[in-house]
Amino acid sequence: EGAVPHARAVGTGIGGLIHAFRGSAATARRELLAATSIATRIELTAMELLSAWGLCVLDDAAGAEGAVPHARAVGTGIGGLIHAFRGSAATARRDLLAATSIATRIELTPMELISAWGLCVLDDAAGAPEAAVARARRILARWEESGERHYTIAIAQWASTLFAEAGDPAGARACAAVLARIAEATAQPEALAALAHALGETAHLDGAPATAAQELLRAAESFASLGLPLATAQARRRAAAALAAAGETGRAADQLREAHEIFAGLGAARAAGQCAAGLAALGRKPPRRAGGGRRAGALSRRESEVMALVAQGLTSRDIGGRLFLSPRTVEMHVQNSLDKLGCRTRAEAVRRLTELGTWSGTAGPVP
């Protein structure tokens, strides 16, 4: 069904970029705007980026005043958000305030939202939940004005947890409502996963931890299959809270370990610390601090579990059934393992792990 729109987006996008470099501004802008519209609708990210590049070329060629501020707003806003999650508060706040100022002046709504999210993260990390909640409400109000359908997804997912941990059911439901509207309008897989996360948060607040865990685990698997580690870790951490409330402490601990590993790898020290504290509260040993303890190329705990079953000759579907993962997520762990080990095939990876002394010698052959 998407073949014709896909071809149209590629054709008009490439053509528009060529016209932009050749100086045919009117034709280029017409084709690039058409390509942007189609690519956004069918979620063809490569053409969204290429079309945006073409429009940037046009702005630069025309001496548009907004071209450089646009780039500065994006750079400082994204950088500030990363610093916020990594705990570099002073740098993050400086960059986020600068991005907010520029984005507001040039009416770049996505960066207004992202910068506000980063400041919300800083408020929460600084132990000011009331300020964080108030800022999150302003973000939702700004969304109502703009109707932005892409960057808002990650923001609303994170905010649903903020509201839930603050004991604010209305806020969590407002996030779910935003995500439901985006999912209905776009059917984006990320939006559907984020909606499951928000519904899990509302279910937990409503006193249904088993339902909450089911929704949050579904969200985590979806995020993992989409290659979104931060969202995956957030969903796993919250799934652990729901599982613990439902009395499933063993599964809760497993989710916290996986979330901790992801957060630590991303440099999100505060979130990793929350996972470690959650494990301690369950009476489980917190993970060791990252830094020098793992060999270069060594596999994560989950990757090791998956590869141990690969060594026994199990298919991705069989492995998923045993570990409660989707086959696509299993394939992701296998590919990550191959990349870390520098191998091209499953058989080669198992031989390499055997050489490293990973197996006890009981693993079966690989088909």
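Q: Is E107 buried or exposed?
A: E107 is exposed in this predicted model. Its relative accessibility is 65%, and exposed means over 50%.

Q: OK, and where does E107 lie?
A: E107 is in the loop between α5 and α6.

Q: What's the phi of E107 like?
A: Phi is positive there, about 60 degrees, even though E107 is not a glycine.

Q: Is the α5 and α6 crossing left-handed or right-handed?
A: The crossing of α5 and α6 is left-handed.

Q: What about α9 and α10, how do their axes cross?
A: Helix α9 covers residues 169-186 and helix α10 covers residues 189-205. Their axes come within 9 Å and cross at roughly 155 degrees, so α9 and α10 are roughly antiparallel to each other. The crossing of α9 and α10 is left-handed.

Q: New topic: salt bridges. Why would two side chains pair up at all?
A: Side chains of opposite charge can pair when their charged atoms come close.

Q: How many salt bridges does the structure hold?
A: It holds 23 salt bridges.

Q: Can you walk me through some? Which side chain meets R94?
A: D95 does: the two side chains meet in a salt bridge, with 3.4 Å from N to O.

Q: And are R94 and D95 buried or exposed?
A: R94 is exposed, with a relative accessible area of 53%. D95 counts as buried, at 15% relative accessibility, because buried means under 20%.

Q: How far is D95 from L81?
A: Their C-alpha atoms are separated by 8.5 Å, and L81 and D95 are 14 residues apart along the chain. L81 is found in helix α4, and at 11% relative accessibility L81 counts as buried.

Q: While we're in α4, what about I82?
A: I82 sits in helix α4 as well, which runs over residues 67-86. I82 counts as partly exposed, because its relative accessibility is 41%.

Q: Which residues form a nonpolar patch with I82?
A: V74 and I78 do. The patch is on the surface, and V74, I78 and I82 together have about 200 Å² of accessible area.

Q: Back to salt bridges: what does R302 pair with?
A: R302 forms a salt bridge with E258, and the closest N and O atoms are 2.3 Å apart. The pair links distant parts of the chain, with R302 in helix α15 (residues 301-311) and E258 in helix α13 (residues 249-266), 44 residues apart.

Q: Are R302 and E258 buried or exposed?
A: R302 is buried, with a relative accessible area of 10%. E258 counts as buried too, at 9% relative accessibility.

Q: Which residues are linked with R302 and E258 in a network of salt bridges?
A: The network also takes in E221, R236, D254, R257, R301 and E305.

Q: How far is R302 from A276?
A: The C-alpha atoms of A276 and R302 are separated by 17 Å, and the residues are 26 apart along the chain. A276 is found in helix α14 (residues 269-281). A276 counts as buried, at 18% relative accessibility.

Q: How accessible are R346 and E331?
A: R346 is partly exposed, with a relative accessible area of 22%. E331 counts as partly exposed as well, at 38% relative accessibility.

Definitions and conventions: Residues numbered from 1 in each chain as written. Predicted model: local features only at pLDDT ≥ 70, side-chain atom pairs only at ≥ 80, totals over all residues. Heavy atoms only, no water. Patch = residues over 30% accessible without salt bridge, like charges linked within 9 Å, V, L, I, M, F, W, Y side chains within 5 Å. Areas by Shrake-Rupley, 256 points an atom, 1.4 Å probe, with all protein chains shown as cover. Salt bridge = Lys/Arg side-chain N within 4 Å of Asp/Glu carboxyl O. Helix = DSSP H or I, 4+ residues; strand = E, 2+ residues; numbered from the N terminus. Buried < 20%, exposed > 50% of the residue type's maximum accessible area, 1.4 Å probe, protein only. Axes fitted to C-alpha atoms, helices over the stretch in contact; angles between N-to-C directions. Parallel < 35°, antiparallel > 145°, perpendicular 65-115°, else oblique. Left-handed = near helix turned anticlockwise from the far one by under 90°.
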